[in-house]
Amino acid sequence: MKKRIAIIGGGASGLFSALHAAIIRDEMLKDVSITIFEGNREPARKLLITGSSQCNITHDSPIKEMIKHYHEREKEVEIILNAYSPKETLRYFKSIGLQVATREDGKIFPASFQSRDVLTALLRMCEKFSIEIQYQKRISSIERKDSLFTLYTQNSLVGTFDALIIATGGITFPKTGSKGDGYLLASSLGHTLTPLKVGLSGIRVRDDDLHLLSGITLENVHVEIQKGIWKKGALLITHDGLSGPVIINNSRYLTTGDSIHICYLNDEKGDRRSSKEVQKEITRLSESMNKNLFKTVLSSLPIPSSFIDYLLAKNDLDGKRKSSEVGKKSFQRIATALTQDSYIIDIENMESKGMITSGGISIDEVDLRTMQSTLIPHLYFCGEVIDIDGETGGYNLQLAWSTGAIAGKEAFKAL
């Protein structure tokens with residue numbers, strides 16, 4: 001009887017899993033059907049908006065460097081990337097006619113910088129390999145019996161399959177179809193979920209005066225994401241809060257109601273400066289510029305003038321007084337503001353803005369060498385649905401390509 005592989009989800013990892021299963025199938029000259037079930041009217045809607053629709057495919061880094069961008073999952077990601085590397089990803093895309101461009105920062109894009117070209121290349125290969133994609137087929141339940149998987153929509157039976165790959169994505173950008181279906185399906189089959197959070201997101205803060213500075217970027221800022229844990233990077237002020245790499249890459253650790261602290265000044269080594277150090281510098285500058293306005297003295301620091309105005313107002317300090325008229329307590333207060341500025345954050349209902357989901361199917365229940373469930377034979381997971389997430393820079397798409405390729409190959413091999 002003809003073997004059948006089902007893939008739930010027609011995004012990046014789902015398409016890649018189908019194609020890599022098909023490659024081995026054709027090499028071995030076996031008659032195995034491969035079907036993708038996609039809930040939307042078109043595939044890979046999230047891929048199309050990735051990287052502002054430019055599609056940052058991966059990053060030009062050795063694996064030892066790549067894994068540093070996956071938070072506490074370095075060892076696990078190393079297993080995955082050694083099984084299917086970024087170099088293999090690039091070789092595959094080039095083999096199907098996609099030209100790429102590498103920026104100075106190491107980010108790799110399609111040469112056209114158009115995500116549509118990536119999807120077009122993948123769909124062209126799906127057609128070549130006779131991979132069936134059934135659209136508007138949102139799988140609502142799975143029945144496991146006699147080593148087979150029977151899939152259902154809400155209204156009807158879909159079919160029975162020998163191997164199943166769940167590649168449904170996470171909960172972010174729900175308009176693209178990422179509604180968390182895979183988590184419910186995996187749970188129904190006995191898998192454990194780690195808590196789901198929005199990752200790679202900006203944060204909201206309640207401060208109308210700060211919002212007036214929307215668009216300002218402060219470079220090399222230190223942010224205390226968790227008590228005693230400081231992260232460094234560029235900080236962007238937005239219309240409703242804070243963003244930029246230092247916030248986005250660490251938003252997975254934040255919860256509504258948390259307080260974060262920000263240090264805007266670095267020493268010569270690039271380390272954050274203490275309030276005492278900054279107070280001494282402000283005192284020295286004030287003494288040498290005692291006829292100048294306090295704001296003018298502070299403008300000697302590497303901080304935008306408009307942001308100095310904001311910090312002065314926030315801390316009830318008069319920047320229009322002469323420096324010689326400003327006392328020690330004021331120096332201390334502005335030094336504290338420059339090194340320990342504080343905000344209470346809000347990240348509720350950010351699913352439509354977050355780029356990735358943090359959390360998901362427990363990796364303790366997935367063999368990362370094959371992406372097969374350790375609980376159920378012939379069940380595989382790939383992409384955002386598993387509990388691994390990375391920083392911005394092509395790292396999450398690379399994880400989708402690698403886990404998808406591994407799942408597709410191994411699903412076919414195990415038939």
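Which residue in strand 5 is the bridge partner of His59? That would be Lys107. Keep in mind as you click around that this is a predicted model.

**Around strand 5**

His59 belongs to the pairing of strand 3 (residues 58–59) with strand 5 (residues 107–110), which is antiparallel and runs over 2 bridges. Strand 5 also pairs with strand 4 (residues 100–102), again in the antiparallel sense, over 3 bridges. Here Ala101 has Phe109 as its bridge partner in strand 5. Strands 4 and 5 make a hairpin with 4 residues between the strands, and Gly106 in that hairpin has a positive phi near 90 degrees.

**Helix 5**

Now have a look at helix 5, residues 86–95, where Pro86, Thr89, Leu90, Tyr92 and Phe93 are buried. Just after helix 5 comes Gly97, with a positive phi of about 90 degrees.

**The barrel**

How many strands make up the closed barrel? There are 6, in the order 12-15-14-13-16-17, with antiparallel pairing. Ignoring direction, neighbouring strands of this sheet are turned by 50 degrees against each other on average. Strand 12 (residues 203–205) meets strand 17 (residues 341–346) in an antiparallel pairing over 2 bridges, and Val205 has Ile345 as its bridge partner in strand 17.

| Helix | Strands touched | Direction |
|---|---|---|
| Helix 12 (residues 305–314) | strand 13 (217–226), strand 14 (229–237), strand 17 | about 90 degrees with strand 17 |
| Helix 13 (residues 328–340) | strand 14, strand 16 (259–263), strand 17 | about 105 degrees with strand 16 |

**What's packed inside**

In soluble globular proteins, nonpolar side chains tend to be buried together. In this model the largest nonpolar core has 80 residues, and the members touching the most other members are Leu47, Leu122, Ile142 and Trp401. Helix 14 (residues 395–413) gives this core its largest share, 10 residues. A second, separate core has 45 residues, including Val278, Phe307, Ala335 and Tyr343.

Leaving out residues up to four places away in sequence, Ile142 touches Ile8, Phe149, Thr150, Leu151, Leu164, Ile166, Leu185 and Leu189.

**Cysteines**

A disulfide is a covalent bond between the sulfur atoms of two cysteines. Searching the whole structure turns up 0 of them. Cys126 is in no disulfide, and the nearest cysteine sulfur, belonging to Cys382, is 13 Å away. Cys126 is buried, with a relative accessible area of 1%. Cys263 is buried too, at 0% relative accessibility.

Most residues other than glycine have a negative phi. Which residue other than glycine has a positive phi near 50 degrees? It's Phe173, found in the loop between strand 10 (163–166) and helix 7 (181–188). Phe173 counts as partly exposed, with 22% relative accessibility.

Asp316 isn't a glycine either, yet its phi is positive, at about 55 degrees. Asp316 lies in the loop between helix 12 and helix 13. With 65% relative accessibility, Asp316 counts as exposed.

Technical notes. Residues numbered from 1 in each chain as written. Predicted model: local features only at pLDDT ≥ 70, side-chain atom pairs only at ≥ 80, totals over all residues. Heavy atoms only, no water. Buried < 20%, exposed > 50% of the residue type's maximum accessible area, 1.4 Å probe, protein only. Disulfide = S-S within 2.5 Å. Core = buried A, V, L, I, M, F, W, Y, C linked by side-chain atoms within 4.5 Å. Contact = heavy atoms within 4.5 Å. Pairing = 2+ DSSP bridges. Axes fitted to C-alpha atoms, helices over the stretch in contact; angles between N-to-C directions.
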